[in-house]
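Welcome! Take a moment to look over the model below, and then we will walk through it together.

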Amino acid sequence: MSEKPFFVGYLPAPGPLRTFLLTACVLLIAGLGSAGFLMGAAQDDPGPGAFRFDYGRQTVTGVVELTPYPILHVTEGNDRIQPGDSFLMTAGGKSGVDSRAEPLAGQLAQVSGVVLERGDLYMLQLRGGRNGLQAAEGEVPEITAEPQGRWKLAGEICDGKCLAGAMRPGRGLAHKACANLCLLGDVPPIFVSTQPVLGEEFLLVTGPGGTRLPRAAYDYVAQFITAEGEITKRGDLLVWEIDVDTIEVTP
C-alpha cells in the first residue's frame, strides 16, 4: 500500500500536505501584496491638488472680469487671499458661474466659497445664490490687459476644477470624459504647460479674440499637444488664446 499522503476532505490534512499548503498560501499572499504595491508605485503622482476645507470659508471682494470665463481681481482680501490676487470661479458639481457673473461684469462683487488649490493654481467654488456672488459697493479700479505676444506651448488641456483639486488625478486620458463634461458645463479650462511660461505653469485657455474654448479643441483634452496662440496677462493670471488650427498631438 502506498505511503504517499492523500487528502480526504472530512479528515485532517496529512502533515506534508499541511506544510505545502501553508507555504503556498504565504507565497501567494506575499506575491499579491507585492504586485499591488508595485502597481501603485508605478502610477503617476496625482499631485497636491485638493479642496482646502481646512482654510474655512473664504469671502473677498473684487472686480469681475469675463475672459469670457469669469475672473475675480481681488480688491479687498483676507489673511489667505490678498488684494491684487486674481482667481477663477466655479459652482458645485460640473458647472461654471457664467450666468451669475455676467450681470456683474466690470463691477465690484463679493464672493464666498471654498478654495481648491494646486500649487500656484487656485479656484473658488462659490456658495449657492447671492451668498456666493453678489454686487458690492465701492470704487471700481481699472483692469488692464497686458499682451505678451504669440507663444508655441506644449502640454495638456484640462478642466480647471478637477485639476485644481476636485479630482485626483485631474488630468490624463483616464480623466478625459470627466474633463469634457466639466468643460461642457462651463468650468474654466486650464492649460498645463510642460515648461514655465513667464514664470507660470497653469494658463487659462480660451479661443481667439476672447471667445470660449472652441468645441474642436475638446477632442484634444487630456492629450499631450503642442499649439500656438496669443498670451495676455490679466491681473496675475495668464490667458492663452489657443489657435485650434495649430494643435498637434505629440507622442
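Are F87 and Y122 buried or exposed? Both F87 and Y122 are buried. Keep in mind that this is a predicted model.

The structure holds three aromatic pairs. In the case of F87 and Y122, the ring centres are 5.6 Å apart and the planes meet at 40°, so the pair is tilted. F87 belongs to strand β4 and Y122 to strand β6, so their pairing ties together parts that lie 35 residues apart in sequence. Here are the two partners side by side:

| Residue | Strand | Residues of the strand |
|---|---|---|
| F87 | β4 | 86-90 |
| Y122 | β6 | 121-126 |

Now step back to the whole chain. Its secondary structure comes to five helices and 12 strands. The radius of gyration is 26 Å, well over the 18 Å that the globule rule gives for 251 residues, so the chain is more spread out than a compact globule. Along the principal axes, its C-alpha atoms fill a box of roughly 100 × 40 × 30 Å.

Among contacts between residues at least 6 apart in sequence, 68% join residues at least 24 apart.

Finally, have a look at the charges. The chain carries 20 positive and 29 negative side chains, with the centres of the two sets 10 Å apart.

Conventions:
Residues numbered from 1 in each chain as written. Predicted model: local features only at pLDDT ≥ 70, side-chain atom pairs only at ≥ 80, totals over all residues. Heavy atoms only, no water. Helix = DSSP H or I, 4+ residues; strand = E, 2+ residues; numbered from the N terminus. Rg over C-alpha atoms; globule rule 2.2 N^0.38 Å. Contact = heavy atoms within 4.5 Å. Lys, Arg positive; Asp, Glu negative; His and termini not counted. Charge placed at Lys NZ, Arg CZ, Asp CG, Glu CD. Phe/Tyr/Trp six-rings, centres within 6.5 Å; stacked < 30°, edge-to-face > 60°. Buried < 20%, exposed > 50% of the residue type's maximum accessible area, 1.4 Å probe, protein only.
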